[in-house]
There are 2 protein chains.
Amino acid sequence: MTSPMTSPPAPRSWLDLPPDHPFGITHLPYGVFSTAGSSPRVGVRIGDQVLDVSEVARIGRDTVGVGDGPDLTAAWERPSLNAFLDLGHEDWAVARAWLVEILTDDVHEAGVKPHLVPVEDVTLHLPIAVADYVDFYASEHHATNVGRIFRPDSEPLTPNWKHLPIGYHGRAGTVVVSGTDVVRPQGQRKAATDPAPSFGPSRKLDIEAELGFVVGGGTALGEPVAVALAAERHLFGVVLLNDWSARDIQAWEYVPLGPFLGKSFGTSVSAWVTPMAALAAARVPLPTQDPQPLPYLNGAPDAVFGLDLHLEVEWNGTVVSRPEYRDMYWSPAQMLAHLTVNGASIRSGDLFGSGTISGAAKDTRGSFLELSWNGTEPVALGDGAERTFLEDGDTVVLRATAAGAGGTRIGLGEVSGRIVPAREA
Amino acid sequence: MTSPMTSPPAPRSWLDLPPDHPFGITHLPYGVFSTAGSSPRVGVRIGDQVLDVSEVARIGRDTVGVGDGPDLTAAWERPSLNAFLDLGHEDWAVARAWLVEILTDDVHEAGVKPHLVPVEDVTLHLPIAVADYVDFYASEHHATNVGRIFRPDSEPLTPNWKHLPIGYHGRAGTVVVSGTDVVRPQGQRKAATDPAPSFGPSRKLDIEAELGFVVGGGTALGEPVAVALAAERHLFGVVLLNDWSARDIQAWEYVPLGPFLGKSFGTSVSAWVTPMAALAAARVPLPTQDPQPLPYLNGAPDAVFGLDLHLEVEWNGTVVSRPEYRDMYWSPAQMLAHLTVNGASIRSGDLFGSGTISGAAKDTRGSFLELSWNGTEPVALGDGAERTFLEDGDTVVLRATAAGAGGTRIGLGEVSGRIVPAREA
């Protein structure tokens, strides 16, 4: 299904990038950038440069044939992708085809080149104004590990886990772009043996390596999104997402209404949104779902699919885990169909996370809670250093690669964050 | 503390309203309205009319002395209160004092009168663009009742309940204004005796009678809001809030990450936001908190207070419950301090619900789950009708009154909603 042998060769850009460049012509992720002299607006990454797409589209309306199409300049000269997301899936395809055309046909080189800015000269911003943020829990291995650690006296998977993609709402206002420092949260912690809760900085600060799905195209209240149409119409693209988690705060607060302050202090996403169209060659069948889900969650393989993304979790420069997204139990289309089956509406700019990506092998676990088994098995970093949870000054970077079109490989934008000490009370 | 005997008399408006009018001069709630010929903008309710405040402020900048103050016209000529909320608490006070002045001093009558529109001639809209929505669980009686019903084999209150105001994030995009129909949600339900979940319309559709707090004035990520300042600086006002709940969907989905689809299909709020300034006379001490909360939740009585609001729950025309807000265990300032103690930032337009308002007596319970004890004790409506949960076509209206300044009573804007049948699958 993913063999590059059968797909047509990738087009060649006049930028003459090496075929293994993570931001080659088959990728073209969207972000929001500014320069010293300009305000934030949409840009597209190509090679080591950022294309100022609203400017090019402004010129292009007269000269390169998008005059009859959507008003991309208006959508792109904004400080978030939301207006572009609002145009809908047909216009996303028009825009992508036009970008490929102007970056591959030599006739456009002279006109486009002045609008390329070296990536080191730009500031990257949060790419979307997050409307609602939902986090799922779609890895069977992660849910099993967490169940064993947090609820050792119960079955690790709750009875509902294989019937529906469990999810909950998170805090949209604290989603931040890669590179933003994370202040160690304070809060209430209480170990089982403590007589009462105490207050202070989290002692079990953790990550969750996730994929985030960016939603475009709103719906009306009361109208579910069918699983057959969810990916095609409403999944615009993906970001890497680090759902920073304070495990001690979470463990004390989360019964009965779920995680709250253990998660809401910050969620980091990559600056670049990789379009779903760039991941067509990375689609793979889901793992077998047993029992078969209820009909509203079932769909054909072109609608309900997995993704073959290879992640890396780097902790202070050492890669400590390599999660595989293909291990995820629930597909993004099933998550979106479930999220809306009760009639909940969606908006452009909605973001949902996959949940921590963990595989069966220890070195594919996507959280330090799992890698250190709740602090009992230290993780070796370079130079003899060891860790269980995050210390002040630590930096975590998530990266991912996937098959692109025509036998290429694409590399998603990384998401990084550094822990800074808790504020003095 | 609330005796009207000691407070100064209420000013008298040239509108000459009866002293017991729910929207008298001591109330002045804000909303967003439109007329046949105008787009949505901020209005203030006075008597049975809506004052077109951005228009009056535009004139007033030259004639009635707000020329040196905030640009209220710019803040009020918007389709939500968010820009006004962004001005901050000092400007909210300036605006309120100015409104009282122009509605009480006869010199302004001729200039203001042309900008009053009868409330029956306007359409009311959602008053805020909801940023993040959080729902708390601050009634001890409600939490105890729900614990008994959902977890009969455990202690009804979880061990954390008296140490922190439990809350969770809800769906901001499905908050709707009073009068919006509610489509019965579909989803997965599974009774303990069912071998597997089934799919269909909720059979246990319920309400939760709550107060919603509207937040103004944003903060930076990493900076908690101190409990001493939370109410004064960041609580702009209150709405009545109906957190519609599908109990069968909720019971199956909510372990371990909390309520999701059982709540996210719709949350109704009143069209009028009552300023906290209008509720000064309704402040009362909290019930005794035992154990004493951790220091970050403790504050002086002028910061950490309860509210003496009397609610009515009307079901198809029959009042079935009269919850008392003064029974709530946690104060709104404690909720906001807790919400931000981990460094989570807030934004103007954030909304948080108190959680269901239930008292010790059966006729003060704020949900039908509790009133019918999970369907086992039918509730009598008029004309011999009985109900356990909501049927299609049912209408629920929440109302509330409170002490206003100078011995007046104010009546909050009602929140109503009617159940329409689930869509055909």
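Which residue in E21(A) is the bridge partner of Val313(A)? The partner is Ser321(A). The model is predicted.

**A hairpin in chain A**
- Strand E20 of chain A spans residues 309-315, and strand E21 of chain A spans residues 318-321.
- The two strands run antiparallel, and 3 bridges join them.
- Together, E20(A) and E21(A) make a hairpin with 2 residues between the strands.
- Asn316(A) sits in the turn and has a positive phi of about 50°.

**A sheet in chain B**
- Strands of a sheet pair through backbone hydrogen bonds, in a parallel or an antiparallel way.
- Chain B has an open sheet of 5 strands, and its pairing is antiparallel.
- The order of the strands is E4-E3-E2-E1-E5.
- Strands E4 (116-118) and E5 (123-125) of chain B stand at the edges. Each has a single partner strand, so one side of each is left without a neighbour in the sheet.
- On average, neighbouring strands of this sheet are turned by 45° against each other, direction ignored.
- Strand E3 of chain B, residues 49-51, is joined to E4(B) by 3 bridges.
- In that pairing, Leu51(B) has Leu116(B) as its bridge partner.

**A covered helix in chain A**
- Helix H9 of chain A takes in residues 332-340.
- H9(A) is mostly covered, with 9 of its 9 residues buried.
- Among these buried residues are Pro332(A), Met335(A), His338(A) and Thr340(A).
- What do the buried residues of H9(A) pack against? Their neighbours in chain A are strand E6 (133-136), strand E13 (209-215), helix H7 (227-234), strand E14 (235-242) and strand E22 (351-353).

**An annotated site in chain A**
- An unreviewed UniProt entry places the feature "binding site" at Asp135(A), Glu208(A), Glu210(A) and Asp243(A).
- These residues are spread over 109 residues of sequence, yet they cluster in space, with a largest C-alpha distance of 10.9 Å.
- Asp135(A) lies in strand E6 of chain A.
- Is Asp135(A) buried or exposed? Asp135(A) is buried, because its relative accessible area is 2%, and buried means under 20%.
- Leaving aside neighbours within four places in sequence, Asp135(A) is in contact with residues including Glu208(A), Glu210(A) and Asp243(A).
- Glu208(A) lies in the loop between strand E12 (205-206) and E13 of chain A.
- Glu208(A) also counts as buried, at 4% relative accessibility.
- Not counting residues up to four places away in sequence, Glu208(A) touches Asp135(A), His142(A), Asp243(A) and Lys263(A), among others.

**An annotated domain in chain A**
- An unreviewed UniProt entry gives the annotation "domain: Fumarylacetoacetase-like C-terminal" to residues 134-410 of chain A.
- This span is 14% helix and 28% strand.
- Its end C-alpha atoms lie 26 Å apart.

**Where the chains meet**
- In chain B, 56 residues are in contact with 56 residues of chain A.
- The two chains bury about 5,300 Å² between them, with 63% of that area on carbon and sulfur atoms.
- Arg171(B), Leu257(B) and Phe260(B) supply 16% of the area that chain B buries against chain A, more than any other three residues.
- How many salt bridges does the rule find across the interface of chain B and chain A? The rule finds 4.
- In one salt bridge, the side chain of Arg171(B) meets that of Asp350(A), at 2.9 Å from N to O.

Notes. Residues are numbered from 1 along each chain as its sequence is written. Chains are lettered from A and ligands numbered from 1 in the order in which they are written. This is a predicted model: local features need pLDDT of at least 70, side-chain atom pairs count only at pLDDT 80 or more; totals for chains, interfaces and linings use all residues. Side-chain values use heavy atoms; hydrogens and water are left out. Two strands pair if DSSP finds at least two bridges between them. Helices (H or I, at least four residues) and strands (E, at least two) are DSSP runs, numbered from the N terminus. Axes are lines fitted to C-alpha atoms, for helices over the stretch in contact, and angles run from 0 to 180 degrees between N-to-C directions. Buried means under 20% relative accessible area, exposed over 50%, partly exposed in between (1.4 Å probe, protein chains only). Contact means heavy atoms within 4.5 Å. UniProt positions are given in the numbering used here, feature names are shortened, and annotations may be inferred rather than shown by experiment. Buried area is the accessible area (1.4 Å probe) that two parts lose on being put together, summed over both.
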